[in-house]
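Here is a short report for a reader meeting this structure for the first time. Please look at the sequence and the model before reading on.

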Amino acid sequence: RAVVAHEHGPLLVLAGPGTGKTTTIVEAVVARLAAGTAPDAVLALTFGRKAAGELRDRVVARLGGGLAPVVATFHSFAYALLRQTADAQEYLTVPRLMSGAEEDVRIRDLLRGAVQDGVVDWPDELAGALPTLGLAAEMRTVLARARTLGLDGADLEEVGLRSGRPMWVAAGQFGRHEEDVLALEDVMDYGELLVQAVGRARLPHVRA
């Protein structure tokens, strides 16, 4: 009830599985619509298509039909935002979004290429790990985390140099290499999708 009644500013709700978080979201959405908020002024975001579908179905069922708010995954909303706010040229040439499995394969291929081409100054302690799946997974995680913090490869490399962390320098160099390749191939991963959407949403003519 406290969550449903909350009206202004951010509110963080922490609860374990099965404690009613989805029900609380549904009731919060319904309460706002009942108070006169327009459906297109309410946005509910969640992880995964299955969760989004369930949340959407429950909101519609609770409303008993009629106009429903936008319920989507973070990534599908981000992609729709980029498409909806693109100019004519961007709309025609929007980068293709890679799947998670495709990202895994791409990271491993790029790692092999970076080792062969010598484009990254790998620390000696990483030498034995370069061909492993574990390093590929770690590199993907580090770069994705950096992107959520607004850092590209060059930024991460600079942070590594300033803090004396050779592994971060290497990750930043690899990130720059990955960015160049993805730009040439006109594709983007899920991390880059969110970064671009956040950047677009900050533009004054898009923010509203």
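## Glu178 in helix 9

Glu178 sits in helix 9, which spans residues 166–185. The model is a predicted one. Is Glu178 buried or exposed? Glu178 has a relative accessible area of 3%, so this residue is buried. The cut-off for buried is under 20%.

What does Glu178 touch, leaving aside residues up to four places away in sequence? Its contacts are Ile107, Leu110, Leu143, Arg147 and Asp189. Two of these names, Leu143 and Arg147, come up again in the next section, in the lining of the largest cavity.

## The cavity

A search of the whole structure turns up one cavity of 30 Å³ or more. The largest cavity holds about 50 Å³ of space. Its lining consists of Leu143, Ala146, Arg147, Leu151, Asp152, Gly153, Leu156, Gly175 and Glu179. Helix 7 (133–148), helix 8 (153–163) and helix 9 are the elements that each supply two or more residues to that lining.

Which helix gives the most to the lining of the largest cavity? Helix 7 does, with three residues.

## A nonpolar surface patch

Now to the surface. Leu43, Leu45, Phe47, Val70 and Phe74 make up a nonpolar patch there. Together they have about 450 Å² of accessible area.

Phe47 is one of the patch members. Where is Phe47 placed? This residue lies in the loop between strand 1 (43–46) and helix 3 (49–63). Phe47 counts as exposed because its relative accessible area is 66%, and exposed means over 50%.

## Pro10 in a loop

Pro10 belongs to the loop between helix 1 (2–5) and helix 2 (21–34). Its relative accessibility is 85%, so Pro10 is exposed.

How far apart are Pro10 and Glu103? In sequence, 93 residues separate them. In space, the distance from C-alpha to C-alpha is 33 Å.

## Val198 in helix 10

Val198 is part of helix 10, residues 190–201. With a relative accessible area of 41%, Val198 is partly exposed.

Conventions. Residues are numbered from 1 along each chain as its sequence is written. This is a predicted model: local features need pLDDT of at least 70, side-chain atom pairs count only at pLDDT 80 or more; totals for chains, interfaces and linings use all residues. Side-chain values use heavy atoms; hydrogens and water are left out. Helices (H or I, at least four residues) and strands (E, at least two) are DSSP runs, numbered from the N terminus. Buried means under 20% relative accessible area, exposed over 50%, partly exposed in between (1.4 Å probe, protein chains only). Contact means heavy atoms within 4.5 Å. Patches are made of residues with over 30% relative accessible area and no salt bridge: like charges are joined within 9 Å, nonpolar side chains (Val, Leu, Ile, Met, Phe, Trp, Tyr) within 5 Å. Accessible areas come from the Shrake-Rupley method with a 1.4 Å probe; for residues, only the protein chains shown count as cover. A salt bridge is a side-chain nitrogen of Lys or Arg within 4 Å of a carboxyl oxygen of Asp or Glu. On a 1 Å grid over the protein atoms alone, a cavity is a set of points where a 1.4 Å probe fits but cannot get out, and a pocket is an open set with protein on both sides within 12 Å along at least five of seven lines; lining residues have an atom within 4 Å of a point. Grid points are joined across faces, edges and corners, and a volume is the space filled by probe spheres set on the points.
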